[in-house]
Amino acid sequence: MLSLKVAGTATFFSTIFGVSVALLAARKKFWGKEILDAVMTLPVVLPPTVLGYYLLVLLGRNGPIGGWLQETFSITLIFTWQGAVIAASVVAFPLVYKSSRAAFESVSGKFEDAARVLGQSEFMVFVRVTLPLAWRGILAGAMLSFARALGEFGATLMVAGSLPGKTQTLSIAVYEAVQSGDDYVANFLVIITSIVCVVVLLASNYFLRPKYVSE
Amino acid sequence: MRIDFSAKKRLYSGGHQFSLDIEFSSEEDITVIFGPSGAGKSLVLKMIAGLEKPDQGSVKIDSSVMFDSAQRIDMASRERNVGYLFQDYALFPHLTVEENINFSSRRALLTRPRKDEARLRELLEVFHLEELAKKYPAQLSGGQRQRVGLARSLMLRPSILLLDEPFAALDPLLRMRMREELKKTQRLFSIPVLIITHDPQDVAELAQRLILMDDGIVKDIVTLIGAPYRDLEGKPIRPKIRELLLRATGALDE
């Protein structure tokens, strides 16, 4: 249940940020766009431990963000489930970002132009044309990022540790179970994780299939 | 109705430079801009619709100034109220025929759409779309899609109808029929029409005022008053058009 809570919250945040940044990258031209794209995709290729270390440095009591949170709100993120959410969000973010960007870029500008000529403001063009034509790609990305967040191990372990019932997520519990030779628990957790991931992948493939035959 | 258009614009893409410098006006019902692809015709249409911005110039339809670089007037596309038929019609694939035609009646999320039921019924009837109202664009034939596109662009009673290569995507037989339908539509709604095309047949059958364009500039402007097939003396216009078109495309040099 903790895993679901962490993965669900992480998916929520990474989707909101992923879609916003993707929209920016797909629609606007600005200097350093490709650098931004590379930085946003970094979590896919960086070893989770390196990522976890970055987060630890940033969010730790002596880090710039962690220190500020500690002083102003006396909030500590390290070794809490919220910390695990942040770790999972960062790791899952590129999946939503990449597929949303592709989805936005696949919406032809002529549909948006057509809507403008038909009296629609930029906001209405987005709500009535861009979003409906891109939402399947966004949803597919969100589901992949959910699966990724659910399986997140390295960065979460570094940031949130493995406190049973508090920050011990499914994938970490599997590791602990195997380490302590608890095969029964390990098998059970592995099967659950596998089933959830297969279901999510099937669903996301379904949404990635184009619905409208192009003219 | 009178349209006055003048625009200058420089474009760069991949080290390639294109400059557009054109000026024309027309008071005829059907104006045709003819030129080879790459002449800048689409750019002109987009500038009238407010989808592209000239570096310099002005766009006027009757007394309404939609763009004027000297007076710093630049109306947004949504305020210009022009009808625009895109080359492949750009029907919204996620909406039905009826929803496509009705698209312009909703302007904000929270206010109720100002539905003009009578206008919708009229357009569905005129364009023989009643049976297809609940279908999606992917389920329609080329000619049906074009009729939906026309109906959609006429919903708001625009002051001018802009057509971008309207028949290029259709097969030749259908092209002939759709040209006739367009003439009928023009008369029925008494709306001025501006067509851009690279098909000489469109010129021969539709043009009342012909603007020849090439490489970003106007080569020639001809008025073919009255029936589009006759010139001022009542002589068939085709040989003259043929000569003009050949000269415009460089096949006939003086």
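This is a predicted model: local features need pLDDT of at least 70, side-chain atom pairs count only at pLDDT 80 or more; totals for chains, interfaces and linings use all residues.

Trainee: Why is B:Y89 called buried?

Mentor: A residue is buried if 20 or more other C-beta atoms lie within 10 Å of its own. B:Y89 has 24 of them within 10 Å, so it's buried.

Trainee: And what makes the phi of B:Y89 worth a remark?

Mentor: Most residues other than glycine have a negative phi. B:Y89 isn't a glycine, yet its phi is positive, about 75 degrees.

Trainee: What about B:R157, buried or exposed?

Mentor: The cut-off for exposed is 12 or fewer. B:R157 has 11 other C-beta atoms within 10 Å, so it counts as exposed. B:R157 also has a positive phi, about 50 degrees, without being a glycine, and its place is the loop between α5 (142–154) and β8 (161–164) of chain B.

Trainee: How much of chain B is buried?

Mentor: Of its 254 residues, 40% are buried. Chain B has eight helices and eleven strands.

Trainee: Over to chain A. How do you know that α5(A) is roughly antiparallel to α7(A)?

Mentor: Their axes cross at roughly 155 degrees and come within 8 Å, where α5 of chain A covers residues 81–106. Angles over 145 count as roughly antiparallel, so α5(A) and α7(A) get that label. Their crossing is right-handed.

Trainee: Which residues make that contact?

Mentor: Among them are A:A88, A:V91 and A:L95 of α5(A), along with A:A134, A:I138 and A:L144 of α7(A). By class, the contact of α5(A) with α7(A) has 14 nonpolar, six polar and two charged residues.

Trainee: How many residues does each chain put into the contact between A and B?

Mentor: Chain A gives 18 residues and chain B gives 19. On the side of chain A that touches chain B, α6 (109–117) and α7 (122–151) each supply at least two residues. The largest share of that side, six residues, comes from α6(A).

Trainee: And how does that side of chain A divide by class?

Mentor: Into eleven nonpolar, three polar and four charged residues.

How values were computed:
Residues are numbered from 1 along each chain as its sequence is written. Chains are lettered from A and ligands numbered from 1 in the order in which they are written. Two residues are in contact if their C-beta atoms, placed from the backbone, lie within 7 Å. Helices (H or I, at least four residues) and strands (E, at least two) are DSSP runs, numbered from the N terminus. Ala, Val, Leu, Ile, Met, Phe, Trp, Tyr, Cys and Pro count as nonpolar, Asp, Glu, Lys and Arg as charged, and the others, Gly among them, as polar. Axes are lines fitted to C-alpha atoms, for helices over the stretch in contact, and angles run from 0 to 180 degrees between N-to-C directions. Angles under 35 degrees count as roughly parallel, over 145 as roughly antiparallel, 65 to 115 as roughly perpendicular and the rest as oblique. A crossing is left-handed if the near helix is turned anticlockwise from the far one by less than a right angle, and right-handed if clockwise.
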